[in-house]
Amino acid sequence: MRSLIELVESDDPAWPEVEAAVAAAPYPVEVLAADARQADAELLRLQVTSRSWLGAVVHRCGGLVIDHGWLRVLGSGNEQRRLASLGEINEGIGGGIVVAQDVLGGQFAWVAPAEATPTIRYFAPDTLRWEDCEVSYGQWLAAMLGGGVTGFYEELRWSGWTDEVAACGLDQAIHTWPPLWTREGKDLSTASRRPVPMSEMLAQISDG
């Protein structure tokens with residue numbers, strides 16, 4: 001297990017790159033403050049250098065809130081905004097590291113198979129399947145900050161979604177009825193929608 005000194009790079013270009021991508025984003029991106037002690041603990045647990053985008057996000061911020069809160073990129077957590085840390089979300093989970101969640105209960109995971117290049121995979125709440133995005137964490141986050149959220153979720157948005165999503169807590173998801181993965185629930189403009197705890201939403205999806 002590498003020490004904190006080995007993981008925190010003194011010459012660290014990753015975080016300035018992330019900050020530049022945040023500044024250039026076409027929609028609001030909130031950078032949540034990090035607690036230094038918690039950030040050190042999270043990086044130690046992750047065992048990824050801060051020279052990488054994944055390590056930089058975990059070590060330098062509590063999380064990234066993208067496009068009015070539609071996408072929540074996990075960092076070292078932020079109690080005030082009720083966003084859990086990457087470590088808390090992944091406690092007891094194997095097979096990959098969940099790095100982000102969306103307001104509908106979708107999850108992005110960083111998966112590093114044996115003898116294969118790690119990629120980001122997405123668990124889609126409308127199909128209940130994991131999909132390989134075939135990009136690295138850095139490529140994925142750069143795309144999401146660069147405007148990719150709009151196209152990725154285009155078919156899952158409804159008129160007035162901005163206000164509903166912004167009012168939803170970062171520890172919540174928007175529950176829809178009929179469920180999103182059913183044929184009757186595909187049209188979110190006509191579905192019943194309400195905020196529920198993210199844990200409740202994920203439990204329902206796993207049972208779906």
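Predicted model: local features only at pLDDT ≥ 70, side-chain atom pairs only at ≥ 80, totals over all residues.
Me: What radius of gyration would a compact globule with 208 residues have, and what is the value for the protein chain?

Reply: For 208 residues, a compact globule would have a radius of gyration near 17 Å, and the protein chain agrees, because its own value is 17 Å. Taken along the principal axes, the box filled by the C-alpha atoms is roughly 55 × 35 × 30 Å.

Me: Which residues of H3 and H4 meet?

Reply: From H3 come Ala39, Asp40, Glu42, Leu43 and Leu46, and these meet Leu54, Gly55, Val58 and His59 in H4. By class, the contact of H3 with H4 comprises 5 nonpolar, 2 polar and 2 charged residues.

Me: At what angle do H2 and H4 pack?

Reply: Helix H2 (residues 14-24) packs with H4 at about 80 degrees, the axes being 8 Å apart. H2 is therefore roughly perpendicular to H4, because that class runs from 65 to 115 degrees. On the H2 side the contact involves Ala14, Trp15, Glu17, Val18 and Ala21, and on the H4 side Trp53, Ala56, Val57 and Arg60. The contact of H2 with H4 has 7 nonpolar and 2 charged residues, with no polar ones.

Me: At what angle do the axes of H4 and H6 cross?

Reply: The axes of H4 and helix H6 (residues 137-152) cross at roughly 65 degrees and come within 8 Å. This angle makes H4 roughly perpendicular to H6. Trp53, Leu54 and Val57 of H4 form the contact with Tyr137, Gly138, Leu141 and Ala142 of H6. Here the division is 6 nonpolar, 1 polar and no charged residues. Trp53 and Val57 are also among the H4 residues in the contact with H2, while Leu54 is one of the H4 residues that meet H3.

Me: Which residues line the largest pocket, and what is the volume of that pocket?

Reply: A pocket can be read through its volume and its lining. The largest pocket has a volume of about 160 Å³. Its lining consists of Asp35, Gln38, Ser76, Gly77, Asn78, Glu79, Arg82, Leu83, Ala84, Ser85 and Glu88. These residues divide into 2 nonpolar, 5 polar and 4 charged.

Me: How many cavities of 30 Å³ or more does the structure hold?

Reply: A cavity differs from a pocket because a probe that fits inside a cavity cannot get out, whereas a pocket is open. The structure holds 1 cavity of 30 Å³ or more. The space in the largest cavity is about 40 Å³. Around the largest cavity are Leu104, Pro125, Ile174, Thr176, Leu180, Trp181 and Met201. The lining of the largest cavity comprises 6 nonpolar residues and 1 polar residue, with no charged ones.

Me: Where is Gly96, and which residues does Gly96 contact beyond its neighbours within four places in sequence?

Reply: Gly96 lies in the loop between helix H5 (86-89) and strand S4 (97-102). Apart from neighbours within four places in sequence, Gly96 is in contact with Asn90, Trp110 and Val111. The C-alpha atoms of Gly96 and Pro113 are separated by 8.7 Å, with the two residues 17 residues apart along the chain.

How values were computed: Residues numbered from 1 in each chain as written. Heavy atoms only, no water. 1 Å grid on protein atoms, 1.4 Å probe; cavity = no way out; pocket = protein on both sides within 12 Å on 5 of 7 lines; lining within 4 Å. Points joined across faces, edges and corners; volume = space filled by probe spheres on them. Nonpolar A, V, L, I, M, F, W, Y, C, P; charged D, E, K, R; others polar. Axes fitted to C-alpha atoms, helices over the stretch in contact; angles between N-to-C directions. Helix = DSSP H or I, 4+ residues; strand = E, 2+ residues; numbered from the N terminus. Parallel < 35°, antiparallel > 145°, perpendicular 65-115°, else oblique. Contact = heavy atoms within 4.5 Å. Rg over C-alpha atoms; globule rule 2.2 N^0.38 Å.
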